[in-house]
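Subject: Structure for your review

Dear colleague,

Please find the structure below, followed by an account of what was found in it.

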Amino acid sequence: MSSRSDILARLRGTAVPAVSLPAYPTIPELTQEALVERFRANASAAGSTVISGNLNWSEIISSASPSAHKIYSDGNIDTDKSVMRSFSLPETLSKSHTAELSRTRTSTDNINQPHSVLLDVAVLTSHLAVAENGSIWLTDSVEHRVIPFITEHLIIRLIDYDLVATMADAYDRLDSSLAFCICIAGPSKTADIEQSLVIGAQAARSLTIVLE
Amino acid sequence: MKVGLFIPCFIDQFYPQVGIACLELLEKHGCTVSYPLDQSCCGQPLANAGYEKKTTQICQDYVRRYQDVDYIVTPSGSCAHHVKHNYPRLVESADAQSAAERTYDIIDFLVDVLAMDHCDTNHPQRVGLHIGCHSLRGLRQAQSSEIVGEEFSRPRYLTSLIPGIEIVSLSRQDECCGFGGTFAVNHGELSARMGHDRLQDHIAAGAEAIISGDMSCLMHLQGLSKRKKIDMNFYHIAELLNGLPA
Amino acid sequence: MSTTVARDIEAYVRDEKRVDWHDESLWHIRSKRDRSTHGLPEWEQLRQTASQIKEHVISKLPDLLEEFERNATANGVKVHWARDAQEHNEIVVQILQSQQIDKVVKSKSMLTEECKLNHHLEKHAIQVVDTDLGERIVQLRDEEPSHIVLPAIHLKKEEIGELFHEHLGTDKGAADPKYLTEAARQHLRTKFLESTAAITGVNFAIAETGGVTICTNEGNADLGVNLARVQIHCMGIEKIIPRWTDLGIFTRLLGRSATGQSTTIYTSHYHKPRPGTEMHIILVDNGRSEHRKREDFRASLKCIRCGACINTCPVYRRAGGHSYGATIPGPIGSILNPTRKPEDHAELPFASSLCGSCTDVCPVKINIHEQLYLLRQDITETSVVPASKTRSFSFLARILTRPRLYRMAGSTARWATRNLPRWAIYHRSNAWGQYRDLPAAPQDSFREWYMKNRTS
Ligand code: SF4
């Protein structure tokens, strides 16, 4: 018997009383102002920077990463920096990039100076944000799935967006047939060393959310 | 109202004053109290050790002993919980079911059945309130700190009826004291450590006495503090409600 | 029944300073969990809903697995089935070897810990690097995680500094978490870039869509998966949820229960592989279908591995994760391990005061402490308990069922505490008295008082 049929047969061989699926709890609605206020507060609490109003992209990028030179954007932004509009990942990343990276590791002094591998800053567009945790959603329209993770700093533009109260509302709105989607709720972080919170664990060191 | 008193083994042997306080409190509230003389234990120590099957006789005796009373009241949340929670499964009979339903910890009985709302003893001390885990999460005498919902606490309510008393606030409101029945013996070092942490929390909060509805927790805490020569008083809440002997 | 667990716990507890520190670290997380849940009025409703969804899953498991497989396959994912750990490990090796891959990165997965995948890969000359910081730390130390969410919670920063100095070349004596995390970041980035395959665990697998959801704070799962040619997701069969929208319940519970965060930083949903790459999902039984047969313990299959029961457990906090001698420590581990391997883990259900905090904190409402109680019954009835222990309990049962005998025993004990010298009462063989004094013995028992005062 194949493992598949073996496992299924074993499961079917045990009668377990049926339990029906429950209805979801209903949650009181919030006003748009309350949503925005919550979103801002929760995003900041998670270590994100939220900006809106008059946008100066040169400044936004510089404040995320003063020395940024490899910048990628999935849309048009008005800045004095040179920005890639498309981004190709080399077929094999390994050798050259690893070598580049290990050079920065020869001296421990450099550990605190992030060296540019691939991207310094990525500017991506999102259309969905969640108030209860200050998160934003990205979908497969991102050119490469790895961009939001490999970039040293991440900037998300919320354009034409829905701001919903909870994750439950977000899943309601999202198309479940997306090949890939991700909810990001702040910069990469860890507390694996003695519970001390360190921002910038492995993926993006910072998250800037721009409300447009 | 006919009430049968159930006095757990260790209270009978070491804390008779707690049994007396319960008896007198119930009588003051107009209950006709009986105390079956042939009682021993609810069987919990064995059951917790994994030998509940050996306790069927103990359960049956309990059920039979209290056939004729309206309520069975005991000054031990832990025993009441064991009877209510496990007896109907151990002895599958209508009588066992009925005995389980009629069994009350004294705290619940005073609040829910007798609706006690005043107390004329007084106790001018700062006390720390320890609610045993079985009373808290088994009998739901109070809202546990994990659950999100309205706050309530029967032991706190009763304690607050006592004139002059002040309840200190603890840093870990409902941390386990580490008694846990056979656990106290099988994992003595750990159990003692848990107890010391619990004591320390009360001491740091400025408690002059630790009070509880669970005498087994108090026996453990008292034993630890005596060993370490820590000066602390321990009372069952019923003792304070009834008034300490002058 | 061995007594290794009791011995290891005792040894851990003796280090009072470390216990202070360990207990405080975990209590801190429990407090964060309280702060984030108490701000959410619908919390208990969420728990109830999640619990019922999971009960539904357990009842419909075979159907849901087939639905999942159908939808995942339609998405271009290759689905594998493994009866046990061995078969799971062989499937992973076979996938990697068929692509000539000898370096792989792995994000956190308790399932692969359970299957001891790393050892198996190393035996086949495949380099595996755990990329979650905590997991990497314990991997470098060649030990097991001591917690399912916080693998290195047992280590002090100085110990990690020492380890990194040795393995990653950080400055000697450096123990600043920021500095050490940065060093790990650089180290792990080289590993991400040189690996062509990535293995991850799975938090939720959605039957309706055939996709998997992975939650991390570091983003390490996504870095691995999205740089690799081959992505492999390993999951226990109980990780299924029926509907896409069920994620709206579970993601709200998971982060808050685990660390008090309103959500994990990254919640990723993988449905289809990137063009030109492969995506595999391995469905692993390894004892789960047997476990599901046991009515009393079935509900523990609802577990979403948030770790909340571990953080709140007054025993775990003072005993340390390694004392449990099992892949999953803490309250839920004390059910899962002995349910599946009673011969190795019979002691675990007894290492609990049955305080029930685990049950109240559990986001899927598993009756953890009740199951521990029932498991104790099960173990004394079925497995090897020393005859001396059974004998002493039979003796106790005889005393307790014979009121007269009981009264004799009681008054002898009281007489003894009043009249015998301390050394006779507090002998080492008296486990109670080793740590505690007995109460001052009264002249009369309650019964004696009652006879004198209430009977005529
Ligand atoms: S048993 Fe409950 S609290 Fe414990 S890890 Fe599993 S889901 Fe979390």
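How much area do chain A and chain C bury between them, and what part of it is on carbon and sulfur atoms? Chain A and chain C bury about 7800 Å², 58% of it on carbon and sulfur atoms; buried area is the accessible area (1.4 Å probe) that two parts lose on being put together, summed over both.

This is a predicted model, in which local features need pLDDT of at least 70 and side-chain atom pairs count only at pLDDT 80 or more, while totals for chains, interfaces and linings use all residues. Residues are numbered from 1 along each chain as its sequence is written, chains are lettered from A and ligands numbered from 1 in the order in which they are written, and side-chain values use heavy atoms, with hydrogens and water left out.

Interfaces

The contact between chain A and chain C takes 77 residues from chain A and 100 from chain C, where contact means heavy atoms within 4.5 Å. On the chain A side, A:Tyr171, A:Ile193 and A:Gln202 supply 10% of the area buried against chain C, more than any other three residues.

Chain B also meets chain C, with 73 residues of chain B in contact with 80 residues of chain C. About 6700 Å² is buried there, and carbon and sulfur atoms give 58% of that area. Of the two pairs of chains that touch, chains A and C have the most contacts. Chain A and chain B are joined by no contact, and their closest C-alpha atoms lie 15 Å apart.

Chain C and its cavities

Chain C has 23 helices and ten strands; helices (H or I, at least four residues) and strands (E, at least two) are DSSP runs, numbered from the N terminus. Of its 456 residues, 68% count as buried, that is, under 20% relative accessible area, with exposed over 50% and partly exposed in between (1.4 Å probe, protein chains only).

The whole structure holds five cavities of 30 Å³ or more. A cavity is a set of points, on a 1 Å grid over the protein atoms alone, where a 1.4 Å probe fits but cannot get out; lining residues have an atom within 4 Å of a point. Grid points are joined across faces, edges and corners, and a volume is the space filled by probe spheres set on the points.

The largest cavity has a volume of about 130 Å³. Among its 18 lining residues, C:Cys313, C:Pro331, C:Ser352, C:Cys358 and C:Leu372 are the closest to its centre. Helix α16(C) gives the largest share of this lining, three residues. The lining comprises ten nonpolar, eight polar and no charged residues; Ala, Val, Leu, Ile, Met, Phe, Trp, Tyr, Cys and Pro count as nonpolar, Asp, Glu, Lys and Arg as charged, and the others, Gly among them, as polar.

The second largest cavity has about 90 Å³ of space. Its lining of 13 residues has C:Cys303, C:Cys306, C:Cys309, C:Cys362 and C:Pro363 nearest the centre.

Backbone detail

A:Glu194, in the loop between β8 (189-190) and β9 (198-199) of chain A, has a positive phi near 50° although it is not a glycine. A:Glu194 is partly exposed, with a relative accessible area of 24%.

Yours sincerely

Technical notes
On a 1 Å grid over the protein atoms alone, a cavity is a set of points where a 1.4 Å probe fits but cannot get out, and a pocket is an open set with protein on both sides within 12 Å along at least five of seven lines; lining residues have an atom within 4 Å of a point.
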